[in-house]
Amino acid sequence: MDAKKLYKLGKKLYDNDKYENILEELYIEIDDLLDALDDKRMEIKLLIEEKEEKENEDPETKIKKLYQELSEVATQIESFDKTEIEKKEKEMEIFKAKNKYKFMQLEEAEKKYAEAVKKKSPNIDIMLENLKKLRLNTLSLQKKLDRYQEAVKEAKKDLVKLEARRELILKQISEAQKKVHKKNTGQNEELEKIKSILAQKKVELDNIKTAIKKTFVKIGLKAQKEGLK
């Protein structure tokens with residue numbers, strides 16, 4: 001099966017959420033890449049906005065508009081419904097509390113093994129075997145914890161974007177205030193810098209898109225080997 005067909009198969013299985021247990025790691029990899037894609041698109045969108053503002057507005061006008069936007073974003077953050085976030089965080093904390101001792105055991109074993117490796121301890125093989133057993137015992141717990149963390153991240157996604165927007169506006173206000181009296185040459189240099197960053201971000205965006213396509217092919221390839229349709 002060629003790469004195009006493997007890609008189509010991988011995307012079909014991902015979209016239908018089939019065989020999650022078998023393809024879980026690759027599904028998580030795709031989810032992470034899609035989140036990175038959204039974040040990169042937001043970065044590019046904000047950079048384009050900043051570039052257009054620098055091209056079309058004088059600093060004083062820009063500052064006034066930024067303060068207006070800051071007020072609007074602050075209002076959205078203040079009124080944001082955090083019920084789902086609090087619910088998901090509570091579920092995660094309860095899970096972590098129930099399994100705290102098991103995670104602590106693994107963490108302590110990891111530290112002791114690392115120290116034994118440095119000191120070339122004669123018991124290193126025994127310690128490694130014990131460590132492998134602990135890792136295996138906590139693997140399912142770690143996967144569950146990862147899912148709780150993903151659920152919290154998903155619940156916070158819109159709020160995080162608003163907070164990131166607020167921080168960017170504050171930074172833009174600070175920079176604009178410092179540069180109100182700068183000459184046009186200085187402003188032009190800054191504009192060129194933004195254009196350069198924007199070009200780099202677009203390259204990074206293309207790289208993420210390529211990685212997503214490759215991961216869909218990997219899903220298709222694994223599905224083919226496992227006989228999944």
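**Entry 1: the largest pocket**

I looked up the largest pocket and found a volume of about 970 Å³. The model is predicted: local features need pLDDT of at least 70, side-chain atom pairs count only at pLDDT 80 or more, and totals for chains, interfaces and linings use all residues. Residues are numbered from 1 along each chain as its sequence is written, and side-chain values use heavy atoms, without hydrogens and water.

I noted the terms. On a 1 Å grid over the protein atoms alone, a pocket is an open set of points where a 1.4 Å probe fits, with protein on both sides within 12 Å along at least five of seven lines; lining residues have an atom within 4 Å of a point. The volume is the space filled by probe spheres set on the points, which are joined across faces, edges and corners.

I found 36 lining residues, and Asp35, Asp38, Asp39, Glu43 and Val160 lie nearest the centre. Helices H2 (20-56), H6 (124-178) and H7 (184-226) are the elements that each give two or more residues to this lining; helices are DSSP runs (H or I, at least four residues), numbered from the N terminus. H6 supplies the largest share, 15 residues. By class, I recorded 23 charged, 12 nonpolar and 1 polar residues in the lining.

**Entry 2: Lys201**

I located Lys201 in helix H7. Apart from neighbours within four places in sequence, Lys201 is in contact (heavy atoms within 4.5 Å) with Lys40, Glu43, Ile44 and Leu47. Met92 is 109 residues away from Lys201 in sequence and 34 Å away in space, C-alpha to C-alpha.

**Entry 3: confidence**

I checked pLDDT, the predictor's confidence in each residue, from 0 to 100. The chain averages 84, and 90% of the residues score at least 70. Confidence is lowest in helix H1 (residues 3-16), at a mean of 76, and highest in helix H4 (residues 83-98), at 93. Where pLDDT is low, the predicted coordinates should not be read in detail.

Definitions and conventions: Ala, Val, Leu, Ile, Met, Phe, Trp, Tyr, Cys and Pro count as nonpolar, Asp, Glu, Lys and Arg as charged, and the others, Gly among them, as polar.
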